Each structure stands twice: as structure tokens, then as C-alpha cells.
Amino acid sequence: MKEETYRLNCFVENRPGVLARIVGLISGRGYNIQTLNVGPTEDGTVSRMRIDVLGTRRVVEQIILQLRNQVNVIEVVSRRL
Amino acid sequence: MAYGKGRSGAQALVESLERAGTEVLFGYPGGNVADIFDRIPSARFRFVLGRHEQGCVHMADGYARATGRPGVAIVTSGPGLTNTVTALGAAYMDGIPLILVSGQVPLSQIGTDAFQEADTTGITRAVSKHNFLVQSADEIPETVAQAFYIATHGKPGPVVIDIPRNCQEEITRSAYPERISLRAYHPESTATSRDMNRLARLINDARRPVLYAGGGTIAAGAARDVAALSRKASIPVATTLTGIGGDGAADGAHTLGLAGMHGSPAANRAIAEADLLIALGVRFNDRITGKVSQYARKAKIVHVDCDPSSIGKNVPVDLGIVADVKDVLTTVFSRVKAADRTEWLEKIRSWRESGRIAEKPSASGAISPRELMEAIDRRTKGDAIVATDVGQHQIWAAQMLSHRRSRHFLTSGGMGAMGFGIPAAIGAAIAFGGEKRVVAILGDGGAQMTAQELAVAAEEKLPIAFVVVNNRSLGMVRQMQDVFFAGNRAATVFKGKYLPDFRKLASAYGIRSRRVERADKLAAAVGAALSARGPFLLEVMVDPEANVEPMVFR
Ligand SMILES: Cc1ncc(C[n+]2csc(CCOP(=O)(O)OP(=O)(O)O)c2C)c(N)n1
């Protein structure tokens, strides 16, 4: 399967340690994050992380499922760039 | 409850652990948990002092595996916490519910390389389901409630609560929450009635179905349901290493035993020939599947698991069902037709016959692993809880002991952590208040990794038979060297025959012991070990050349 860039928009609880957990989950499996952008949402208790990763569809789907398993992750939406 | 004048964070922690149902706390003290330890003597739960933090967490793990309730442990900051990493990993890989409380330096000192500071949330991230760094005493009750919820819902796992010392000292009025609200964590089933119908139809249409039970079956308390479905529809059941007992000891005719790398020929053959594989709470890891493209090639694969990220991760599946294994089995049961499948069961019977490994007696006349396991089995009849360490003895115990109940075979599967056996056996024995016989099956290598915990077995007078399967070597690795490295036994054979002298080691802890070297003395020695009132160490000198068979590589 060929590798492509996917953009993951993660809505997460705005708490210390959440960014590290998410970045760790991705990088700990050997995948390189190409772009990372973190910002607030209208709801001050929720942050949005926009993460671009390069990988096969299978791998990225797996990452998304594991992100959704995280206790502080509210939702993940993704699209291929 | 109102906390008018308030109480310390340390006291709030103890009360919260009580409220969450803690019966036993395993732990080891230190400066940054001193306030909490000060409150422990007046707590309603029992405290057990381990001798190393790895041991404490393996004990909590053994307690959880044997009971299904979360194990709870406490350690100090820095080295106390770093000592727990292997044990956390073992619990994490096998999905065991556990709470670890760790002390931390005061918030104001975090990040300064203070004395005994460690980045606990950073270090434990990869070996825990979740972790918390508490920011104020007020957060403690809510955090404890959430930690227990997370540890036991969805796929279970260890949760770490790191509590800075100033938060233990501060006064708080916050109460234990009546209900738990987690904004983002709602593990839930996405299974539909259509999925259930499809599964039932697949089973009804299958001619050669196989049920495959993993650790998730035991976590769901579904062993009996597996057996019931197996009996009704005449479906043979195989298990994974951590799924042992998860087949509810299906009828003899339906039991395939262990599948995978060291699995029974009948189990592996049945999976290879099956037209339907119903996998329940398994992860399909590499020890099970071998080469994925060759795995269960003729079968449609149904995968039921509470963890959505597990489905389709290693093996592509035809039907994935994200749900509690027990819920699925009870729903599907009435939709599945009773069937005989005599032809299929007959085939399996013949594979079982032909697959019986003809064992040659050892050239040296030394005790064979099978003689030992059979002697143990004759005494326990599958009623004792067996905890193992990691290595050849672990696989022999898995293959050769009879397994009749779930939560009676405790073993580190995913992590394969040597040192697990002794403390896990202790945790299980403590869970049953010394009322239940426990057998620890140990290698002479792994027994040396956590031998210090024998002190706990002695102190608590636990009815544990510590069986050291002594082959004077790191047998599992030695076997691998024989097969793949042309017999170059580098660093795997111990030099002295009695080094250490395990009998002297036992006596240092005031534990009675025996050593057996000859098969004709085995029955009596095993009898003594398994009828002792307290702990007993039995050292069995087995054939050092004995191998684990089969060993399947694809
Ligand atoms: C902590 C740890 N270190 C290393 C290993 C690798 N390893 C797997 S089995 C084994 C040998 C175990 O020897 P022993 O405890 O004597 O048991 P045996 O295989 O001889 O029954 C080793 C070193 C491991 N599983 N865990």
C-alpha cells in the first residue's frame, strides 16, 4: 500500500499532558509527524490539534482508532491531503 | 458526606481508595508518600509490604487476575516509580485492571531535578492505559474515582495516579463523587442486531467452525458462555496463553487446548482447516498467527473485542464486532441452532490422537517436565490457582496441566516478564485470604528475579507451593540457540548445579523446602509441597536438555 499524507483533526480535553500523550502515541510507533498545530476552540475546555502524518491507509486508520481510545480525546476526524 | 473542617489530601486518598472498594493495598514506602503511609494503619483495607516495587505491582496484578477486581499498589517517587515499569507493562499488555498511586515531589519543585524526582507521566505513558498528575488535593477523590472507572471499563488496564507531596499535605473538603463523569471516555459497544444475526447465520452455515478464546473472554467473565455455545452447536474451542480457562473447560470432545507457536497440533490444525474462526477477546499477536497470510486461510474470521483498535489490527477480518464478549455470546446463543457436526469433531479427535507427542524418556534418567506436571496435576486436579514465570516451564504448565476454571492460570503473556511468578502467586493467595491453594511454577532463572518477595509469603504464611523447575539454565533461550544458532549456548547455562542453593534460600526466609532429583521421589515431594500449611519451596531437578514441543514457526 502506498503512503500518503493524512490530516487528523483531534478534539481533545484542554489539560496538561494531553499533547504529549498524543504525540507519543504517534511517534512511539515510528511515524513521523509532518505538521502539528494546536489551538483553542470556542469552548475553552477543548483544544484542537491538527496533525499531518505520512502513512498507509491501514496504519493511519489504526492510529485513529488508538487516538479515539485515549481518555482525553473527544473526537478525531481525518482526511487525505 | 460533608467535610466541614476538611482533611489532608493523604487522608482523602485513603478514604477514596476505601470508597472505590480497595480490600488490599500492596506497596513500599518512601519520603514522597510519607503522609499517605501515616494514614494507612487506620485504613479499612489491608496493607501488604512488598520487598521491591516491581514485586508490589506484580502482586496487585496477580490479585486482579485471580479475582477480576482491580489490584491497587502504592510506591514512592523517583526510584520507587521507575522500579514498577516492567510490572506495569505486564499488566498493560494483558489488559489487567490496576491502580498505581505514586508519590511525586511538591508541585513547586517539578522540573527542577529535585531529589527523587522522575517524570512519572512521561515514563509510564507507554505502559499504562492512562495516567494522572494531580494538581491539588481537591482533585484527589474525583481522580481516584475516574482511575478505577478507566481501569475497569472498556479494555481493562493499569492507571497511574501521581500525587505531589504538597497535595498530600493540603487540606481539602472535596468529596468522593456519586457518579463518574468523563467527558471523552465512553467505551461502548457498536454492535448491531444485524451483526448478531450475521454471526448466528455464519455459525449455522459453517461446517468446520472453531471458537478461539483469549484473555478478553476471561475479562468479560464469559468462560461459561463459551462452553455453552460450544456444547450447543458442537464447536471446538482453542485458547490463547492468557485465554487458558476461558473455554469454560468445554466438553472434553470440544477442547482443543492452546493454539499458536507452542499450541497443540489439534488446535493449530483445526484453525488451519476451519471454515469459520470465531475469535473472542484475542489480539492475534505474532505468537499466535505466525505468518499472517497463511493464517486460517480457509476460514471466514469473526473478531469480537471490546477494543475497536484491536479489530483488524493484525489479521483482516470478515466480521468485526466491537462489544463485550459475554453480551455477544448471550445474544447469539438463542439464534444459533443446535448441531452435531459429527464429521468435524471426529476429524479433530483423530488429530488429537495422532498429535500426541511420543516422548522419549530422558537419556540421563532425569525427571521429565511431563512427569513433574502430571504429578502436580494429580494433586491439584485443576483446583489450585497456578501462577507461572516465563520460559519453558511456563509453556509446559500451559500444555500439560489440566485447566478447568477461568482465573486459575496466571501468566505474563504479552510482556513475557520474567519475575512475574513469585509475586503474582502471592497476590493471588492474599486475594483469597490464604483459603485457596496456589502453585507457583518457576524457572531457576526467573525465580532469581523476584526471590526477595518470598519474605512476604513467609510473613503472611500463605499456602503457596513454589515449584522451581530447575534445569540449570535459561532453558527457553538455550532451546532457541540450539535451533537457530547451531547450539551456541552463549550465556544461557548456569555454572553451578546448586547455585543458588534454593533450599538454603528458602530457609533464609523460614520457608520449608525439599529437593527432588529422581522420578520415584516426585509424588511424595509434590504431596508435601501441596499439603503444607504455609509456603513451601520444592526444587525439582529436571532434565536440562528437555525442550518445549511443539514449536511452530511459519
Ligand atoms: C525480564 C526478562 N528478561 C529476559 C527475558 C528473555 N527470556 C525469556 S525466557 C528466558 C529464560 C528463562 O529461564 P528460566 O527462568 O530458567 O526458565 P526456563 O526457560 O529454563 O524454564 C529468558 C532469559 C524475559 N522474558 N524477561
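**Exercise 1. Which residue meets R39(B) in a salt bridge, and how exposed are the two partners?**

Start with the rule: a salt bridge is a side-chain nitrogen of Lys or Arg within 4 Å of a carboxyl oxygen of Asp or Glu. R39(B) meets D38(B) in such a bridge, with 3.6 Å from N to O. Next, turn to exposure. Buried means under 20% relative accessible area, exposed over 50%, and partly exposed in between (1.4 Å probe, protein chains only). R39(B) has 28% and is therefore partly exposed. D38(B) has 51%, so D38(B) is exposed.

A note on the basis: this is a predicted model, in which local features need pLDDT of at least 70 and side-chain atom pairs count only at pLDDT 80 or more, while totals for chains, interfaces and linings use all residues. Residues are numbered from 1 along each chain as its sequence is written, chains are lettered from A and ligands numbered from 1 in the order in which they are written, and side-chain values use heavy atoms, with hydrogens and water left out.

**Exercise 2. Describe the contact between chain A and chain B.**

Count residues: 17 come from chain A and 16 from chain B. Contact means heavy atoms within 4.5 Å. Then take the area. The two chains bury about 1500 Å² between them, 47% of it on carbon and sulfur atoms. Buried area is the accessible area (1.4 Å probe) that two parts lose on being put together, summed over both. On the chain A side, R21(A), N69(A) and V71(A) supply 43% of the area buried against chain B, more than any other three residues.

Now look for salt bridges. There is one between chain A and chain B. D43(A) forms a salt bridge with R183(B), the closest N and O atoms being 2.8 Å apart. Over all chains, the count comes to 28 salt bridges. D43(A) lies in the loop between β2 (33-40) and β3 (46-55) of chain A, and R183(B) in the loop between β8 (171-172) and α9 (193-205) of chain B, so the pair joins two chains. D43(A) is partly exposed at 34%, and R183(B) is partly exposed at 39%.

**Exercise 3. At what angle do the axes of α3(B) and α5(B) cross, and which residues make the contact?**

The axes of α3 (residues 53-67) and α5 (residues 85-93) of chain B come within 7 Å and cross at roughly 20°. The helices are therefore roughly parallel to each other. α3(B) brings Q54(B), V57(B), H58(B), D61(B) and R65(B), while α5(B) brings T86(B), A87(B), L88(B), A90(B) and A91(B).

**Exercise 4. Is A145(B) buried or exposed, and what does it touch?**

A145(B) lies in helix α7 (residues 140-152) of chain B. A145(B) has 2% relative accessibility, so it counts as buried. Leaving aside neighbours within four places in sequence, A145(B) is in contact with Y176(B), P177(B) and I180(B).

Technical notes: Axes fitted to C-alpha atoms, helices over the stretch in contact; angles between N-to-C directions. Helix = DSSP H or I, 4+ residues; strand = E, 2+ residues; numbered from the N terminus. Parallel < 35°, antiparallel > 145°, perpendicular 65-115°, else oblique.
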